[in-house]
Amino acid sequence: RAVKRLQGGSKVAVTLASKVQWADVGGLQDAKEEIMNCITLPLSQGQMFEGQKARSGVLLFGPPGTGKTDTAVQVVNLLFHNFPDQKIVLVAHSNQALNDLFEKIVVLDIPERYLLRLGRGIAELDAKQDFSKWGRVNHMLQRRLDLLAKVERLAETFGLSGEDAAYTCENAQHFFLHHVKYRWADFQKKLGIAGKDGAGIHKVLELAAVAEPKAKRRRTEGDGEKGESDGEAEAEESKASVDQSAPQEEPQELKLAREQLKKGSRTVVSLLFPFGKFFADAPQPLFPSGSYEADLEIATGCYRYLQNLFKEIEECHAFELLRNSHDRGNYLITTHARIIAMTCTHAALTRSTLVDLNFKYDNLIMEESAQILEVETFIPMLLQSSDQGASRLKRVMFIGDHHQLPPVVKNRAFQKYGHLDQSLYARFVRLKTPTVDLDLQGRARPTIADLYSWRYKNLGNLANVLTDTKYLKANAGLTYDYQFIDVDDFEGQGESQPTPHFYQNLGEAE
């Protein structure tokens with residue numbers, strides 16, 4: 001139902017089926033409601049914010065395992081479905097964190113054509129699809145061919161094969177306007193004439209019987225064939241109009257329709273539906289004929305599918321017109337993609353390019369905010385030029401935990417005296433900026449969580465770590481829930497530091 005409502009243009013906030021739900025996110029209910037209200041209240045209760053600015057920033061704090069990433073995924077889901085004209089930028093400090101976030105977004109009910117992952121970390125992304133810029137361009141070009149093939153098949157069901165309905169995206173749009181929308185409007189008109197119970201079905205079928213010779217004649221004239229064909233068409237017309245008072249036998253089609261309606265095996269919707277041949281590969285029967293309303297809902301869903309199909313074709317039109325990969329890639333970033341993910345380093349490297357391309361976005365979600373330098377936090381907020389002196393950015397969400405690793409500053413003087421190892425996130429927390437707190441963890445055994453729970457206020461446990469079998473049974477090979485294991489040097493070498501701030505112990509790895 002949620003999918004149908006969204007496809008029908010509903011703007012109500014709906015969390016669609018996915019592998020991550022709000023119930024999987026640790027924390028109090030009021031914390032989730034605070035995030036939901038920040039996103040959806042300005043949309044559903046706009047009168048509340050007249051004359052004042054709605055809250056546009058969220059500072060999300062959560063200890064390890066409380067579902068910070070899952071919360072970000074659900075926020076992306078809500079923003080995507082509630083604001084179809086807005087673009088979302090995702091930023092993280094590391095490729096690993098960004099890929100973890102992106103992989104969870106991929107399994108949501110968000111069309112993959114709107115997703116884009118920038119930067120070299122795409123190689124580490126665990127996904128079958130290629131979400132890089134060039135991968136998305138190739139996907140759209142292939143998608144265009146697949147969609148036009150469906151249009152060609154639809155044209156064949158109308159008896160219009162060979163008329164180049166699927167030659168280009170523009171042809172397909174004209175085909176939709178003159179043939180698909182026309183048939184749907186005619187179908188609705190016929191339903192009104194026939195009535196829910198089908199009492200007027202004879203009027204519809206008689207009109208169709210009269211209209212068919214006229215249509216045949218128009219097609220013949222359009223082909224430039226006259227003479228004998230014209231005579232035959234006129235003869236059929238005159239024959240149909242001879243002595244209306246004379247009793248005539250009901251056509252076999254009308255008899256069959258009346259019989260099916262009487263038995264209840266079919267409804268007037270299934271009898272008059274104009275796209276039945278196209279949906280012949282769908283699960284059958286297409287119309288269970290339980291009721292008029294149920295069949296009409298199915299018919300509306302089928303038409304909505306066709307609308308979405310031609311909407312996708314319209315989105316592919318630009319990729320058809322642009323003739324080189326560079327322009328297509330730029331169009332993908334600036335216009336087509338709605339969810340764009342990058343690291344803060346990539347944002348800094350490409351900022352000037354994005355500004356020159358007139359890149360625009362409305363929402364910024366930053367993961368690992370507590371590990372990002374203060375200046376690196378500002379850069380993702382400045383990837384676009386101001387619009388008449390005002391920023392287009394509408395919402396900013398910082399997600400992090402300032403009790404974990406701070407930003408890495410290699411120069412000790414800058415770190416100590418410039419205090420550059422303080423992130424903007426930590427600065428906000430230190431200045432008592434209100435935060436939305438997640439305080440239930442669902443990752444570690446309760447005994448392990450006790451090791452660090454003292455650092456957090458009121459950190460509790462989700463039900464899964466108290467009841468799931470994997471948390472109740474001991475770990476294979478370990479006597480205790482947590483213990484130290486002494487590892488000797490491996491091949492004469494213990495812990496080493498190949499590069500600054502990178503430590504390894506091959507013995508532990510073995």
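In the predicted model, helices α11 and α12 pack with their axes 9 Å apart and at an angle of about 145°. Helix α12 comprises residues 325-336, and the crossing of α11 past α12 is right-handed. On the α11 side the contact is made by E315, A318 and F319; α12 contributes R328, Y331, L332 and H336. By residue class, four of the residues in this contact are nonpolar, one is polar and two are charged.

The largest nonpolar core contains 75 residues. Within this core, F175, V180, F273, F275 and F310 have the most contacts. Helix α11, which spans residues 292-321, gives the most to the core, with 10 residues. Another core, of 31 residues, lies apart from the largest one; F83, I88, A97 and L125 are among its members. In soluble globular proteins, nonpolar side chains tend to be buried together.

An open sheet is formed by seven strands with parallel pairing, in the order β3-β4-β2-β5-β6-β1-β7. Strands β3 (115-117) and β7 (436-437) each have a single partner strand and stand at the edges, so one side of each is left without a neighbour in the sheet. Strands β2 (residues 88-92) and β5 (residues 363-366) run parallel and are joined by four bridges. In this pair, V91 stands opposite M366 of β5. Helix α3, residues 68-82, packs on the sheet. The strands touched by α3 are β1 (57-61), β2, β4 (339-343), β5 and β6 (395-400), and the direction of α3 makes about 165° with that of β6.

Antiparallel pairing is found between strand β10 (residues 495-499) and strand β11 (residues 502-505), over three bridges. S496 stands opposite Q504 of β11. The hairpin of β10 and β11 has two residues between the strands, and H501 in this hairpin takes a positive phi near 70°.

Key. Residues are numbered from 1 along each chain as its sequence is written. This is a predicted model: local features need pLDDT of at least 70, side-chain atom pairs count only at pLDDT 80 or more; totals for chains, interfaces and linings use all residues. Side-chain values use heavy atoms; hydrogens and water are left out. A nonpolar core is a set of buried Ala, Val, Leu, Ile, Met, Phe, Trp, Tyr and Cys residues joined through side-chain atoms within 4.5 Å. Buried means under 20% relative accessible area, exposed over 50%, partly exposed in between (1.4 Å probe, protein chains only). Two strands pair if DSSP finds at least two bridges between them. Contact means heavy atoms within 4.5 Å. Axes are lines fitted to C-alpha atoms, for helices over the stretch in contact, and angles run from 0 to 180 degrees between N-to-C directions. A crossing is left-handed if the near helix is turned anticlockwise from the far one by less than a right angle, and right-handed if clockwise. Ala, Val, Leu, Ile, Met, Phe, Trp, Tyr, Cys and Pro count as nonpolar, Asp, Glu, Lys and Arg as charged, and the others, Gly among them, as polar.
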